[in-house]
Amino acid sequence: METRSSKRKRLLQAQSESHTAIDRITHLPDAVLHQILLLLPIKTIAQTSVLSKRWRLLWSSFPDLDFTTLNPHCMSCYYLDSCGGRSSVSPNPNTLDCISQTLAARQRGSDIRVLRFRAHLGFSRLNGLIRSAIRHNVQDLDIDVCTDDYFNLPRCVVMSESLKALSLKFRPPGFRLPPSMVMKGGFQSLQTLSLSHMVFYKKHYLLDLFAGSAFPVLRKLTLDSCCGIKFLDVGCRALQDLTVENCFQLHGLTVSGPRLERLRVVSCFESSSEKSWVKIIAPRLRVMHWEHNAITETSCLENLASMEEAFIGFFALDEDTRAEKYKSVSNILSGLSHAHCLTLQSQCIQILSNNHYSTISLHPFHNLKTMKLHTVLDKNNIRGLLCLFRSSPTLHTLILKIITHFKAEKTKAWNKALWDHMSSSEQEQYWESRSQTFKSFLQHLKVVRMEGLVESENEIGLIKFLLKHGMALQEMILCSGHSNSRDPVRRHEIRSQMMGFSWASSNAKLAFH
């Protein structure tokens with residue numbers, strides 16, 4: 001028979017066992033624990049190695065090494081020494097020591113999926129880090145460094161069979177690529193490539209690096225701030241996404257990609273070049289961003305039948321007034337005639353409004369449903385607007401983002417006679433005199449949104465005209481500019497009078513924001 005004392009002892013023991021925590025995390029598979037650790041900064045991940053031998057092994061085989069989260073001025077690095085496999089703590093080492101020690105202490109056969117770091121280091125040390133990563137079959141290598149001299153990219157990077165993504169960002173003086181024969185025979189598995197501050201001076205044999213059969217599986221290519229690159233030919237057969245930025249010395253660009261879907265060219269081309277060109281042949285191209293580029297002498301956009309969205313903006317100097325320049329702009333816009341959505345910056349409207357452009361016509365945008373225009377709404381740009389309206393016969397939505405200069409706002413302030421007597425402004429009369437030339441536009445337009453309104457004469461003239469002739473108009477949204485501080489009472493009066501304009505569509509709604 002159990003005594004009272006033994007019974008109490010048994011109950012206390014059972015209660016103690018019931019409160020003992022069970023370590024369920026440690027026994028999870030490595031892949032699951034690696035995925036959990038991926039949510040933490042690398043310093044925190046390294047600190048888990050002091051918990052037990054199991055966690056030390058997890059750290060030494062952790063596949064995603066992102067050292068960009070480290071503070072180079074104050075940090076501790078946990079790593080495995082190569083001899084006894086024990087966890088060691090190095091008091092406040094710099095970033096490079098952390099990276100070197102971590103790579104040196106990795107388990108044999110433990111591949112690196114991702115390695116990212118940024119630092120200021122010497123040639124030999126950087127070369128050693130890269131070679132160590134390649135030995136561990138790194139798949140994604142992302143380096144942002146500054147060296148004291150030009151860095152020659154090791155050939156082992158080019159010939160790596162495991163490397164799928166490579167991002168190299170070198171601060172000046174930059175880095176050099178291996179010879180063309182080495183480059184064209186390598187990168188057989190590379191799918192993503194980003195190069196910044198690449199040096200092309202006296203490297204003419206690299207100019208056709210991305211043409212022909214090179215980079216057989218490359219899908220995404222980014223070139224940023226590349227020096228000495230004057231002629232670029234991109235024709236990788238698997239390429240889907242191309243970005244070229246800040247290549248100011250570029251004279252000629254040829255892009256031909258059977259699978260290219262997205263193209264972004266920003267701040268490129270030398271404005272003073274007398275022989276500059278762009279040629280784009282991409283039957284699958286869906287999205288194109290052409291921003292802040294100097295106008296080339298010739299432009300040729302062919303076979304862009306899949307175009308969905310285009311954003312176009314130019315950097316034009318006052319001396320860019322030759323007929324060839326205007327013809328080049330016309331060729332770019334006409335090449336986008338299949339686009340469904342088109343956004344044009346203010347200088348595009350200015351170019352289309354120039355007298356030199358009067359003899360040049362655009363191909364009609366038969367598929368265009370949405371057009372966004374950034375423009376100053378004055379008499380200097382009205383020809384460009386008319387040209388675009390005339391070339392958009394089936395447009396559904398028009399968005400005008402009005403740019404208002406301080407002087408224009410002050411001189412074109414509210415015109416009392418315009419409101420009180422409903423007189424027609426000069427701009428409205430211009431629209432009326434040419435309404436038949438873009439009748440199809442007025443018959444299909446359903447939504448108008450005007451942003452940045454200051455309720456000037458030019459704005460009101462266009463509003464009155466669109467309401468009067470927009471037979472299919474369903475909604476007009478008018479958004480006041482931030483600088484518009486007109487008396488609220490007077491603004492309400494203006495809007496009330498606006499509701500009294502002649503409306504061609506009985507279904508139209510007018511909204512104010």
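Is F465 buried or exposed, and what is its relative accessible area?

Modeller: The model is a predicted one. In it, F465 has a relative accessible area of 0%, and because buried means under 20%, F465 counts as buried. F465 belongs to helix α16, residues 457-469. Its ring forms an aromatic pair with F438, with 5.8 Å from centre to centre and 50° between the planes. The pair is classed as tilted because stacked needs planes under 30 degrees apart and edge-to-face needs over 60. F438 lies in the loop between α14 (426-433) and α15 (439-444), so its pairing with F465 in α16 ties together parts that are 27 residues apart in sequence. F438 is buried as well, at a relative accessible area of 2%.

F438 also pairs with W431. Here the ring centres are 6.1 Å apart and the planes stand at 75°, so this pair is edge-to-face. W431, like F438, is buried. For the structure, the count of aromatic pairs comes to 14.

A ring contact of another kind involves K464, which lies over the face of F501. The distance to the ring centre of F501 is 5.2 Å, and the distance limit for a charge over a ring is 6 Å.

Terms used. Residues numbered from 1 in each chain as written. Predicted model: local features only at pLDDT ≥ 70, side-chain atom pairs only at ≥ 80, totals over all residues. Heavy atoms only, no water. Phe/Tyr/Trp six-rings, centres within 6.5 Å; stacked < 30°, edge-to-face > 60°. Buried < 20%, exposed > 50% of the residue type's maximum accessible area, 1.4 Å probe, protein only. Helix = DSSP H or I, 4+ residues; strand = E, 2+ residues; numbered from the N terminus. Lys NZ or Arg CZ within 6 Å of the ring centre and 35° of its normal.
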